[in-house]
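Here's a quick briefing on a protein for you to explore. Have a look at the sequence and the 3D view, then work through the points below.

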Amino acid sequence: MKNYISFLALGAILSLFSGCSNPNSQLIADAPLISQNFVDAYGRPQMLSRSPERVVSLAANITEVIYAIGAEKRLAAVSHDSDFPAPANSKPYVITYPSFDLPSVAGHSPDLVLASTEFHDNRIAEYFDRYKIPLHFQDYKKLKDIFDGIRTIGRMLSAETKANHLADSLAAITKSISDSTKGQIQYPTAMILGIDPITVVGSGSFLNDVIEKAGGKNVFEAFPGKYPTITPEEFVKLAPEYVLVLSRNDKAWNDLVAVHPEMHTNIPAAEKNHIFQVEPEVLVRPGPRVVEGLKTVTRILHPRVSVEL
């Protein structure tokens, strides 16, 4: 009888680790983190002995991810520009740029700080290391890096199941759009982020990947870095057929060509009326909504391609 009971107990234990047929598998996947190691975008190791309960997000896209995977209760504070989803506005916030209030971050007693190389660099690490506050940077050179970043945050915050589902869904939509634009004309495209100085998307940004997957060819892909500044002469020489101005200011292009009229008179995009203002928020934030931005760019470059997924 004792042996029979022992086998039953052993079976119960083993059932906890069985495959997806186990009804407790999701509970296991979302169980509290137990001492895991991570390496961030700068190669800095972080060892988390438990799942963080007081997280400070230094970037709006990271805040969006944390809400999207249902881990917002772990947020002790967010960056001052974290305005989506709407409940993020009610969270305590820290000033993250152009000046950075580092003591304010530490004042929230975080057990994890999440940052993006889109806004900050490794120079802030010394401060957090001094106070033994784990700091993890994410970097996004491709759309895949955004999806992998979602998975990593899910692992850190014991929300792995939701994070993986979200990342897999976004990756599937991205692949479908990319597949649909294969064989289409790759129109030479320029994406402008700023007008003084003229700032464009270079080869190192995930937005370069957005242009490619939407069926375009970034005319500035040979320029190093994420967001190089260029001259009007360089812009005209590369002759974009499509110009996407990422700005809430609907007069941004007019303001630019008022100073540099040659940019309007000497490029194919102006001749073909292919200059578009694009709402920047869903594109410039490397978070879950970036796929909506990908759809927008695809509709502009290839309006006959279906992106209603």
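Let's start with lysine 132: it is exposed, with a relative accessible area of 73% (exposed means over 50%, buried under 20% and partly exposed in between, using a 1.4 Å probe and protein chains only). Keep in mind that this is a predicted model, where local features need pLDDT of at least 70, side-chain atom pairs count only at pLDDT 80 or more, and totals for chains, interfaces and linings use all residues. Residues are numbered from 1 along each chain as its sequence is written, and side-chain values use heavy atoms, with hydrogens and water left out.

- As a rule, most residues other than glycine have a negative phi, and most peptide bonds are trans.
- Lysine 132 is not a glycine, yet its phi is positive, about 55°; this lysine 132 sits in the loop between helix H5 (125–130) and E7.
- Serine 109 also isn't a glycine and has a positive phi, near 50°; look for serine 109 in the loop between helix H4 (102–107) and E6.
- Phenylalanine 84 and proline 85 are joined by a cis peptide bond with omega of about -5°, and proline 85 belongs to the loop between E4 and strand E5 (93–94).
- Aspartate 196 and proline 197 are linked by a cis peptide bond too, with omega near 5°; proline 197 is in the loop between strand E8 (187–195) and strand E9 (198–200).

**The big picture**

- You'll find 14 helices and twelve strands in the protein (both are DSSP runs numbered from the N terminus: helices are H or I with at least four residues, strands are E with at least two).
- The protein has 309 residues, and 47% of them count as buried.
- Among contacts with a separation of 6 or more, 60% are between residues 24 or more positions apart (a contact means heavy atoms within 4.5 Å).
- The accessible surface is about 15,400 Å², and 56% of that belongs to carbon and sulfur atoms (areas come from the Shrake-Rupley method with a 1.4 Å probe, and for residues only the protein chains shown count as cover).

- What covers the buried residues of H3? The cover includes strand E3 (55–57), strand E4 (75–79), strand E6 (112–116) and H6.
- Just past H3, glycine 70 has a positive phi of about 75°.
- The 14 residues of H6 should span 20 Å at 1.5 Å a residue, and its end C-alpha atoms are 20 Å apart, which agrees (the expected span is 1.5 Å times one less than the number of residues).
- The buried residues of H6 include Leu143, Phe147 and Met156.
- After H6 comes serine 158, with a positive phi near 55°.

**Spaces in the structure**

- There is one cavity of 30 Å³ or more (on a 1 Å grid over the protein atoms alone, a cavity is a set of points where a 1.4 Å probe fits but cannot get out; a pocket is an open set with protein on both sides within 12 Å along at least five of seven lines; lining residues have an atom within 4 Å of a point).
- Helix H3 (60–68) and helix H6 (143–156) are the elements that give two or more residues to the lining of the largest cavity, and H6 provides the largest share, four residues.
- That cavity's lining has six nonpolar, three polar and no charged residues (Ala, Val, Leu, Ile, Met, Phe, Trp, Tyr, Cys and Pro count as nonpolar, Asp, Glu, Lys and Arg as charged, and the others, Gly among them, as polar).
- The largest pocket has a volume of about 280 Å³ (a volume is the space filled by probe spheres set on the grid points, which are joined across faces, edges and corners).
- Of the 14 residues lining the largest pocket, Asp81, Tyr97, Phe119, Val284 and Arg285 are the closest to its centre.
- The lining of the largest pocket splits into eight nonpolar, no polar and six charged residues.
- For the second largest pocket, the volume is about 200 Å³, and H6 gives the most to its lining, with five residues.
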